[in-house]
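Please keep the sequence and the structure in view while reading.

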Amino acid sequence: MSKPEILIIDDEEQIRKLLEITLRANNYAVTHGATAKEGLITASNHPPDLIILDLGLPDKDGLLVLQELRQWYTNPIIILTVQKSEEIIIKALDTGANDYLSKPWRSGELLARIRSALRNSNQDEGEPIVNSDDLVIDLNTRTVKKKGELLKLTTTEYSLLALLARNDGKVLTHQYLLRAIWGPGFINQSQYLRVFIAQLRKKIENDPNRPEYLLTESGVGYRFVGKRD
Amino acid sequence: MTSILNRKIGNNQQYLVSVLFILVTSGVCYTIAPVLGYKVVALVLLLAVSVTAVLFDIFPVLLSAVLSAFIWNYFFIPPRFTFHVGTTEDAILFIMYFVIALINAALTYKIREVEKVSRKREEKANTLKLYDTLLHSLSHELRTPISTIIAATDNLMSNNENLGAENREQLITEISRASFRLNQQVENLLNMSRLESGFMQLKKDWCDINELVYSIVKKIEDNKISQKITISINPNMPLIRTDKVLLDQIIYNLLHNACLYTKPDSLIRISATNHADILQLIIEDNGEGFPPDEVENVFDKFYRVKDSRAGGTGLGLSIVKGFAEALKGSVRLQNVTTGGAKFTVEIPCEISYLKV
């Protein structure tokens, strides 16, 4: 298989260089654009397997760039932001970004996000999402096993876990989860979500206080991490 | 006091109140004039003008001075109920009354202006002093990690062959630590400017305290601290509704502070409970505590405990206090009798009825 191609759109040369070194060292091919215009042209001339997009571009609002890309580009987009503003991150995720990282980030984290985004875009349907000695989530039989033992989950608990697990590695926003599981009338009832997440953790985590599967993205949402790199 | 009154009472109201005050005083004088005589009335009215001069701006005071002079003339100086003045003595008295009332008003006004100027000057000096402290601690706090990064990278670039693998590793670790420290300082500065800007918009949402505390402790432990942090929170503690970002920063700064200023292998304990609708957080350590005479000052901006070893801008704890107050709560520090410092944070907040 040829190297996956990643397009970096960021106006800071240092950041582009750093990303390029990290990515090349991990067997990705890299192209870049320093402005929104350059990035959009490069993307359309030669669509990459994944785009890393900085939201703070000089010539155009990053959210608009994202919107434009999403009109035709279906591969993963990971956004980079300096602001920790949760609203902007949530907006970007709602606009079609697959994931986000805020600057400064750790390289390990970036690579994990890229791997998971690429994996999700060519996911194999029908296989158990997680299949380890510790945890098995089988969407076909709608069963969850912890250390070989069948877990008793309520319907809501199962739906929530299945939705998160189907999007393995991807962050899902509070609103998205609330709408999908409880319905559009519940998007502001985040306390339901938190309670159910806490209950799920007590059932599937080895230590509910130090979760390995159901991770919190503070102020944004939750991320299920099933496949270990 | 004067400035408070000025702020509370608008300009139009000042005119109204001073006129009313003079009228009421005159009314009282009218009843006692037959007993005390009109000359005493002049003194009482002058006193009333002086009182308005202490309380109000120059123009309402001048108005009351003029008004009281005419009232005195019309109602009290014989022949009464005319502006006619009978004797030369009374004419001189009236003119003197008028002048004294005006001087009185003007002098008081002048004194207050001088006060205002000197207060402004003092404030400016304080701000300058604060900036000075800020610049001083900033340049130190930012330069130290920057110097580390420059020196270490320089070393790695020019000396690469002579450095052993172990040294290289060490330099890289130092660069990493310095950058995290730098990031932390910038974070603190941003938080401080958020506080200073005066308008902080709270964003309240339901928050799982267990989750929050464990994630903060994990973040701190990721930086390879030697202290041991223990967490004691009821695993079924209900959700609370608060601004998670602010609460996060409060807990992080207190724990980070405890790690910075206690000896390696010290114990740090964090506990959280809710009593009615108050969230109480306690962060305590078994370090040396704070010097007793400095306990009061540790939350002041840029305050650093004398002769303290590790660095710090003196911003961390003042942010804790500022954020706790922004959440309508409080933070206090005690030295524990067995040694060590104990911070207690109390935040009023809505508690969820849902069972976790």
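## Basis of the values

This is a predicted model, in which local features need pLDDT of at least 70 and side-chain atom pairs count only at pLDDT 80 or more, while totals for chains, interfaces and linings use all residues. Residues are numbered from 1 along each chain as its sequence is written, chains are lettered from A and ligands numbered from 1 in the order in which they are written, and side-chain values use heavy atoms, with hydrogens and water left out.

## The interface of chain A and chain B

Chain A contributes 20 residues to the contact and chain B contributes 22 residues, where contact means heavy atoms within 4.5 Å. Between them the two chains bury about 1800 Å², of which 45% is on carbon and sulfur atoms. Buried area here is the accessible area (1.4 Å probe) that two parts lose on being put together, summed over both. On the side of chain A, the residues that lose the most area to chain B are Gln191(A), Arg194(A) and Asn209(A), together 33% of what that side buries.

The interface holds four salt bridges, a salt bridge being a side-chain nitrogen of Lys or Arg within 4 Å of a carboxyl oxygen of Asp or Glu. Glu87(A) and Lys203(B) meet through their side chains in a salt bridge, at 3.3 Å from N to O. Helix H4 (86-95) and helix H8 (190-204) of chain A are the elements that give two or more residues to the side of chain A that touches chain B. H8(A) supplies the largest share of that side, with nine residues. Helices (H or I, at least four residues) and strands (E, at least two) are DSSP runs, numbered from the N terminus.

Between chain A and chain B, 10 residue pairs are in polar contact, both residues being at pLDDT 80 or more. A polar contact is a pair of N or O atoms within 3.5 Å; within protein, one must be able to donate a hydrogen and the other to accept it, and residues adjacent in sequence count only if both atoms are side-chain atoms.

## Salt bridges within the chains

Over all chains, the whole structure has 27 salt bridges. One of them joins the side chains of Lys103(A) and Asp10(A), at 3.2 Å from N to O. This pair links distant parts of the chain, 93 residues apart: Lys103(A) is in the loop between strand S5 (99-102) and helix H5 (107-121) of chain A, and Asp10(A) is in the loop between strand S1 (5-9) and helix H1 (13-25) of chain A. Both Lys103(A) and Asp10(A) are buried. Buried means under 20% relative accessible area, exposed over 50%, and partly exposed in between (1.4 Å probe, protein chains only).

Other pairs lie within a single helix. Glu20(A) and Arg24(A) form a salt bridge whose closest N and O atoms are 2.6 Å apart; both lie in helix H1 of chain A, four residues apart, about one turn of the helix. Glu20(A) is buried at 18% relative accessible area, whereas Arg24(A) is partly exposed at 41%. In chain B, Lys116(B) and Glu113(B) meet in a salt bridge of 3.3 Å, N to O. They are about one helical turn apart because three residues separate their positions in helix H5 (residues 88-158) of chain B. A network of salt bridges links Asp99(A), Glu109(A), Arg113(A), Glu217(A) and Arg223(A).

A nonpolar surface patch is formed by Val24(B), Val28(B), Ile32(B), Val35(B), Leu36(B) and Val40(B), with about 510 Å² of accessible area together. Patches are made of residues with over 30% relative accessible area and no salt bridge: like charges are joined within 9 Å, nonpolar side chains (Val, Leu, Ile, Met, Phe, Trp, Tyr) within 5 Å. Accessible areas come from the Shrake-Rupley method with a 1.4 Å probe; for residues, only the protein chains shown count as cover. Helix H2 (residues 11-36) of chain B gives the most to this patch, with five residues.

Val24(B), located in helix H2 of chain B, is exposed at 53% relative accessibility. Ser26(B) also has its place in helix H2 of chain B, yet Ser26(B) is buried, with a relative accessible area of 7%. Ser26(B) touches Leu45(B), Ile71(B) and Phe76(B), leaving aside residues up to four places away in sequence.

## Backbone features

The peptide bond from Lys103(A) to Pro104(A) is cis, with omega near -5 degrees, and Pro104(A) lies in the loop between S5 and H5 of chain A. In chain B, a cis peptide bond with omega of about -5 degrees joins Pro78(B) and Pro79(B).

Lys147(A) is not a glycine, although its phi is positive, at about 45 degrees. Lys147(A) is exposed, with a relative accessible area of 55%. Asp265(B), also not a glycine, has a positive phi of about 70 degrees, and Asp265(B) is exposed at 61% relative accessible area.
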